Amino acid sequence: MSPTTPGASAPTPATPAKPNKKERLPTSQLALATLGTAAAKAWLASELPALLFVSKAAFGTQAAAYAASLGTADGADDGLSPQSKRMKTLDKLITKNLGFVKGYLAEDHDEDGGEGYYAEFGIIREGKNFRLPAARTARAGALAKLVAALTAHKYDKRKFGVAVWQPIATEYAQLAKDSGEMRGTASEAVGQKNALEAPLRVALGSLVLSIKANYPDADAQRGVLRAFGFQKEVY
């Protein structure tokens, strides 16, 4: 008997996800650490099985170690020193004032709201937000870029121009240096990135493939990936 009978209708399979050759993980170290932490938490609570080369618990430890290596984990004495308290105050001021700079760019660049110029101003995407880097050493460098870009784009005389940002940039850089957050950054970054980032990326990439294999339906797949913290770049 033929495997297919004329006139017979086969059952409709679940809609498979289309292959995406542009799959990629965050390039920013902080964004990668944020993703790793979120994925570890979601994976531990989900029914998705462990990978053969890394357990759920081991991945959680791996993600936490990488985040800690970037200084994103709260230190035991964080907020206790005058430097840390002052930097937190400046962080709030930076968040408030940055909105006005984005507004200047949006006014002058209708096509994309000015996002094409964000990198020049030190603004990056972390998670779903565009902001100056949260890691303080990187933020100090981004503030210097912001001041230079304000002048280059003729915003230096505006209300939230150089007169506002230069004092913040200068003080932030000095506070970061005084608090020890800049000491040894270059040498530590090379060793820690090589030792911790590569295996974290391998595990996250494998986790994406595991989710896609276990959830072949496109809608379900996207939902799980979002729940694990993955952005649309991997859908």
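1. Let's start with the first helix pair. The axes of helix H1 (residues 29-45) and helix H2 (residues 56-69) come within 9 Å and cross at roughly 155 degrees. The pair is therefore roughly antiparallel, and its crossing is left-handed. On the terms: axes are lines fitted to C-alpha atoms, for helices over the stretch in contact, with angles running from 0 to 180 degrees between N-to-C directions. Angles under 35 degrees count as roughly parallel, over 145 as roughly antiparallel, 65 to 115 as roughly perpendicular and the rest as oblique. Left-handed describes a near helix turned anticlockwise from the far one by less than a right angle; clockwise is right-handed.

2. A word on the model before going on. It is predicted, so local features need pLDDT of at least 70 and side-chain atom pairs count only at pLDDT 80 or more, while totals for chains, interfaces and linings use all residues. Residues are numbered from 1 along each chain as its sequence is written, and side-chain values use heavy atoms, with hydrogens and water left out.

3. Who meets whom between H1 and H2? From H1 come Gln 29, Leu 32, Ala 33, Gly 36, Thr 37, Ala 39, Ala 40, Trp 43 and Leu 44, and from H2 come Lys 56, Phe 59, Gly 60, Ala 63, Tyr 66 and Ala 67; contact means heavy atoms within 4.5 Å. By class, this contact has 10 nonpolar, four polar and one charged residues. Here Ala, Val, Leu, Ile, Met, Phe, Trp, Tyr, Cys and Pro count as nonpolar, Asp, Glu, Lys and Arg as charged, and the others, Gly among them, as polar.

4. Stepping back to the whole chain, the protein has seven helices and two strands, in the order α-α-α-β-β-α-α-α-α from the N terminus. Helices (H or I, at least four residues) and strands (E, at least two) are DSSP runs, numbered from the N terminus. Of the 235 residues, 34% are buried, meaning under 20% relative accessible area, with exposed over 50% and partly exposed in between (1.4 Å probe, protein chains only). Among contacts with a separation of 6 or more, 63% join residues 24 or more positions apart.

5. Helix H4 (residues 136-152) reaches 24 Å from first to last C-alpha over its 17 residues, close to the 24 Å expected; the expected span is 1.5 Å times one less than the number of residues. Its buried residues include Arg 136, Leu 143, Leu 146 and Leu 150, and their cover includes helix H3 (82-108) and helix H5 (162-178). After H4 comes Lys 154, with a positive phi near 65 degrees.

6. Arg 139 deserves a look of its own. This residue sits in helix H4 and counts as buried because its relative accessibility is 7%. Leaving aside residues up to four places away in sequence, Arg 139 touches Asp 91, Ile 94, Leu 132, Pro 133, Ala 134 and Tyr 172.

7. Finally, H5. Its buried residues, among them Trp 165, Ile 168 and Tyr 172, pack against H3 and H4. H3 and H5 pack at about 150 degrees with axes 10 Å apart, which means that H3 is roughly antiparallel to H5. Their crossing is left-handed. The contact includes Leu 90, Asp 91 and Ile 94 of H3 and Trp 165, Ile 168 and Tyr 172 of H5. By class, the contact of H3 with H5 has 12 nonpolar, two polar and four charged residues.
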